[in-house]
Amino acid sequence: MVHIHGKATGVRAHFKDTATATASTSLRVHATVTVAAAGAIQTPALLLRSRFQHGGIGRGLTLHPVVPVAAVMTKDIDTGLSRGVSMGVIVRQPRIFTSSPRFGIAIQTPPAHTAITSTVMPWQGSLAFKMMMLAYRQSAVFIGISRDRSQAANRVAIDADGAPVIHYRMTDEDNALVMQGLEVMLRLFYSEPRTSALMVAHASFPPFVRHQSATKAQEDARFEAYVEAVKKEGIQPLRTQMYSAHQMSTVRMARRVEDGPVTPTGALFECDNVFVADGSVLPTALGINPMITIESMSHMIAQHVVRYLQQHA
């Protein structure tokens, strides 16, 4: 278990022999600067274990809630999913809004290997599940990455042992946004004539299967009924398969100490030689994958670390 110890002494780490679960070693590393970059879950836990007092540490957790949609194409189609060729491709970024134009959905193809794909498949019995997984090479997956609202109640705390504990609840607006994205993804897949079946990520909600003998009007009517049934089902706890795409905003950067724990340079207001350089510092969730933004922020913070070291050498 790692702690940041004191203002200028560096980092203290405790290591326990897991084989015996008894012997432990304490190691203290003296450093002019400490950089916390353990991600938006572990970084606030580290700071809380280290007894920093700012009330914003751990608060405002955002995590890009995601509900996937999967489709199975006709047997003559190899989607490339098994080769990872579609990984991370932005399919569409529609202007899907609820009460605020600042919150939308980015539809992408995820790195859906067999283990992830299996979690999208609804459970209709062991034989049906095996048949769906045998169609993996003809399968495709969309995810709608939603920009969720940053609430103080959504947070990372720590338990008695210092391990992170996540508290997160979606707002009604976030739920509505996810459902609108879900409908768009269903319609995108249905618009491809070679889609033979499609399904939402749900523990037991049945898939939509095209009937080859039906007319277009009949199939369209069946599909619209399926979409309405999905919308009526909505987001159901422990039934809808929800995923977190990216965790952010738990040690937010701000110009004033009243608004966040971290200065615009990445240093803690409480301790100017402790820097945070990961997705924790983002003030809100981004509307897209935050990877490049986090890299850019970390590069900028690294320049401030260099300046600090030059001034305190």
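Predicted model: local features only at pLDDT ≥ 70, side-chain atom pairs only at ≥ 80, totals over all residues.

Student: What is the volume of the largest pocket, and which residues lie nearest its centre?

Tutor: The lining of this pocket has 22 residues. Those nearest the centre are P110, P111, I143, A245 and H246. The volume of the pocket is about 450 Å³.

Student: L238 has a positive phi; is L238 buried or exposed?

Tutor: Phi of L238 is near 65 degrees, and the residue is not a glycine. L238 sits in the loop between α5 (216-233) and β14. Its relative accessible area is 85%, and the cut-off is over 50%, so L238 is exposed.

Student: S249 also has a positive phi. Is S249 buried or exposed?

Tutor: Here phi is near 75 degrees, again in a residue other than glycine. S249 belongs to the loop between β14 and β15 (274-276). Because its relative accessibility is 0%, S249 counts as buried.

Student: Among the aromatic pairs, how are the rings of F142 and F189 arranged?

Tutor: The whole structure holds eight aromatic pairs. In this one the ring centres of F142 and F189 are 4.0 Å apart. Their planes meet at 10 degrees, so the pair is stacked.

Student: Which elements does that pair link, and how many residues apart are F142 and F189?

Tutor: Both residues are buried. F142 lies in strand β9 and F189 in helix α4 (residues 172-190). These are distant parts of the chain, and the separation is 47 residues.

Student: How are the rings of F208 and F223 arranged?

Tutor: F208 is in strand β13 (residues 208-209) and F223 in helix α5, 15 residues apart. Their ring centres are 5.8 Å apart. The planes are at 80 degrees, so the pair is edge-to-face.

Student: Are F208 and F223 buried or exposed, and which aromatic cluster includes them?

Tutor: F208 has a relative accessible area of 4%, so F208 is buried. F223 is at 1%, so F223 is buried too. The cluster consists of Y190, F205, F208, F223 and Y226.

Key: Residues numbered from 1 in each chain as written. Heavy atoms only, no water. 1 Å grid on protein atoms, 1.4 Å probe; cavity = no way out; pocket = protein on both sides within 12 Å on 5 of 7 lines; lining within 4 Å. Points joined across faces, edges and corners; volume = space filled by probe spheres on them. Helix = DSSP H or I, 4+ residues; strand = E, 2+ residues; numbered from the N terminus. Buried < 20%, exposed > 50% of the residue type's maximum accessible area, 1.4 Å probe, protein only. Phe/Tyr/Trp six-rings, centres within 6.5 Å; stacked < 30°, edge-to-face > 60°.
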